[in-house]
Amino acid sequence: MKLKHQYWILSLLLIAVLAAVAGKVFLAEPFSFGMFAAVEALIAVTAVFLAVFYFRIIKPLHIIGSGMDLLREQDFGSRLRRVGQPEADRIVEIFNRMMEQLKNERLHLREQNHFLDLLINASPLGVVILDPDGLILSANPAAYRLLGLPPADGLAGRPLDAIGNPLISELLKIETGRSQTVRLSDANIYKCTRSAFIDKGFRHPFYLVELLTEEVFKAEMKAYEKVIRMIAHEVNNTTAGITSTLDTLSSALSEESDEVAEVLRIAIERCYSMNRFITNFADVVRIPEPEPRPLDLNAWLASVKRFIESICRDRNIRIVMELSATPPVVEIDGALFEQALVNIVKNAAESIGHDGGDIFIRTCSTPSRLEIADTGRGIDRNTESRLFSPFFSTKPHGQGLGLIFIREVLLKHHCTFSLRTCPDGLTRFSILFADRPAH
């Protein structure tokens with residue numbers, strides 16, 4: 001029972017006792033007005049005492065109790081009123097000041113949290129926060145985009161390794177407090193950081209994922225463009241002079257010695273071969289800007305099928321077209337994209353070798369996608385991450401230009417793509433086309 005209620009019950013009992021005493025005095029024989037007046041005075045003094053006791057002791061304590069209720073309910077907007085008692089008013093003043101400070105701190109914390117939420121949601125960095133048990137607590141829109149998940153696919157409450165994405169397996173290898181650059185088979189490059197923060201006494205790990213692909217590709221392009229142009233200039237100037245001299249010697253000595261003429265012919269051919277070799281490098285940095293127009297992807301593939309088959313005819317490789325019932329319409333430069341497709345099919349044919357096999361060309365309309373799958377020897381995990389690196393090749397005499405050319409063409413068409421060997425044994429080059437703008 002509250003102190004205030006106890007006070008009122010005690011007051012009523014005391015008044016009742018005094019009233020009973022006054023009644024007995026009034027009915028006593030002989031009746032005495034002096035004794036009755038004394039009882040009346042006692043009742044008045046008691047009432048005054050009870051009033052003073054209430055306002056000096058009970059009411060301040062009741063107000064302080066109300067303040068405790070406000071704290072318990074976390075109602076930091078209410079304040080206590082003064083009671084006219086110096087000691088109690090001092091407590092009330094301190095309490096009100098404390099409530100004002102708590103209100104301001106809570107408001108500041110709420111605004112700060114709201115700002116951080118907006119900042120995280122708008123950030124181009126993917127942010128994935130885990131709970132102390134390693135389950136996903138939250139992820140921002142950039143994380144969904146980088147992980148290739150639709151926004152409706154809730155990640156909360158799921159273990160990180162349950163998400164089927166190659167980037168996740170790389171994130172799990174990073175130690176707390178470390179950053180690592182990750183290059184995947186989709187040619188994308190990520191800077192991944194793992195760290196942790198303390199909340200309510202518990203340690204929460206989190207990951208930051210930053211997409212560096214565009215910046216790295218631009219830097220790579222500038223670097224090897226400068227090197228290639230410098231080398232091409234020097235080699236072409238040198239070979240041009242040597243070839244001209246050799247042609248003159250060949251014309252002058254061809255009638256005197258067949259052996260000398262053959263040596264000169266081989267030397268001239270080697271110069272031309274060197275020239276073609278440098279030209280191939282130079283062509284990579286001179287890829288024209290595409291002129292896209294809407295094309296029926298199924299009809300376009302049917303038109304280039306015969307040329308693709310000619311690449312595979314000598315290897316006993318079968319081209320299998322599995323085109324979607326609804327033809328996807330994509331915005332591409334047909335001539336430029338054909339060169340990229342030929343390079344993809346050529347790589348698939350070289351992976352199969354001369355023992356024969358199949359190359360499957362598949363389309364999908366929702367979303368618009370093209371897939372080239374082969375039954376070749378496959379790609380190991382260590383090679384996957386280096387496939388689209390400049391001048392990297394798994395072929396003994398490869399220049400590492402084919403995939404760079406493919407990469408540049410697809411990026412110019414704003415496509416996303418990946419090349420990897422799947423668990424079913426097929427090596428898939430998957431191309432996802434950008435959405436067509438609405439007209």
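Guide: Let us begin with a definition: axes are lines fitted to C-alpha atoms, for helices over the stretch in contact, and angles run from 0 to 180 degrees between N-to-C directions. Please note also that this is a predicted model.

Visitor: What angle and what distance describe the packing of helix H9 and helix H11?

Guide: Helix H9 (residues 334–352) and helix H11 (residues 402–412) pack at about 145 degrees, and their axes lie 9 Å apart. The crossing of these two helices is left-handed. On the H9 side the contact involves Leu336, Phe337, Gln339, Ala340, Asn343, Ile344 and Asn347. H11 contributes Gly402, Leu403, Phe405, Ile406, Val409 and Leu410.

Visitor: How do you know that the length of H9 agrees with its number of residues?

Guide: At 1.5 Å a residue, the 19 residues of H9 should span 27 Å. The C-alpha atoms at its ends are 27 Å apart, so the two values agree.

Visitor: Which residues of H9 are called buried?

Guide: The term requires a relative accessible area under 20%. Among the residues of H9 that are buried are Leu336, Phe337, Ala340 and Ile344, and these four also take part in the contact with H11. Just after H9, Gly353 has a positive phi of about 85 degrees.

Visitor: What makes E10 a partner of strand E9 and of strand E12?

Guide: Pairing requires at least two bridges between the strands. Strand E9 (residues 357–365) and E10 have 7 bridges in the antiparallel sense, with Ser365 opposite Ser368. E10 and strand E12 (residues 427–432) are joined by 6 bridges and also run antiparallel; there Ala373 has Arg428 as its bridge partner.

Visitor: What joins E9 to E10?

Guide: A hairpin of 2 residues makes the link. Pro367 is found in this loop, and a cis peptide bond, with omega about -5 degrees, joins Thr366 to Pro367.

Visitor: Why are Asn316 and His414 each called exposed?

Guide: The term requires a relative accessible area over 50%. Asn316 has 58% relative accessibility, and therefore counts as exposed. His414 has a relative accessible area of 61%, so the term applies to His414 as well. Asn316 lies in the loop between helix H8 (297–312) and strand E7 (317–322), while His414 lies in the loop between H11 and strand E11 (416–421). Neither is a glycine, yet phi is positive in Asn316, at about 60 degrees, and in His414, near 60 degrees.

Visitor: What makes strand E2 and strand E3 the edges of their sheet?

Guide: The sheet is open, with 5 strands in the order E2-E1-E5-E4-E3 and antiparallel pairing. Strand E2 (136–139) and strand E3 (179–183) each have a single partner strand, so one side of each is without a neighbour in the sheet. On average, neighbouring strands here are turned by 25 degrees against each other, direction ignored.

Visitor: How many bridges join strand E4 to strand E5?

Guide: Strand E4 (residues 189–199) and strand E5 (residues 202–211) are joined by 10 bridges and run antiparallel. Within this pair, Thr193 has Leu208 of E5 as its bridge partner.

Definitions and conventions
Residues are numbered from 1 along each chain as its sequence is written. This is a predicted model: local features need pLDDT of at least 70, side-chain atom pairs count only at pLDDT 80 or more; totals for chains, interfaces and linings use all residues. Side-chain values use heavy atoms; hydrogens and water are left out. A crossing is left-handed if the near helix is turned anticlockwise from the far one by less than a right angle, and right-handed if clockwise. Contact means heavy atoms within 4.5 Å. The expected span of a helix is 1.5 Å times one less than its number of residues. Buried means under 20% relative accessible area, exposed over 50%, partly exposed in between (1.4 Å probe, protein chains only).
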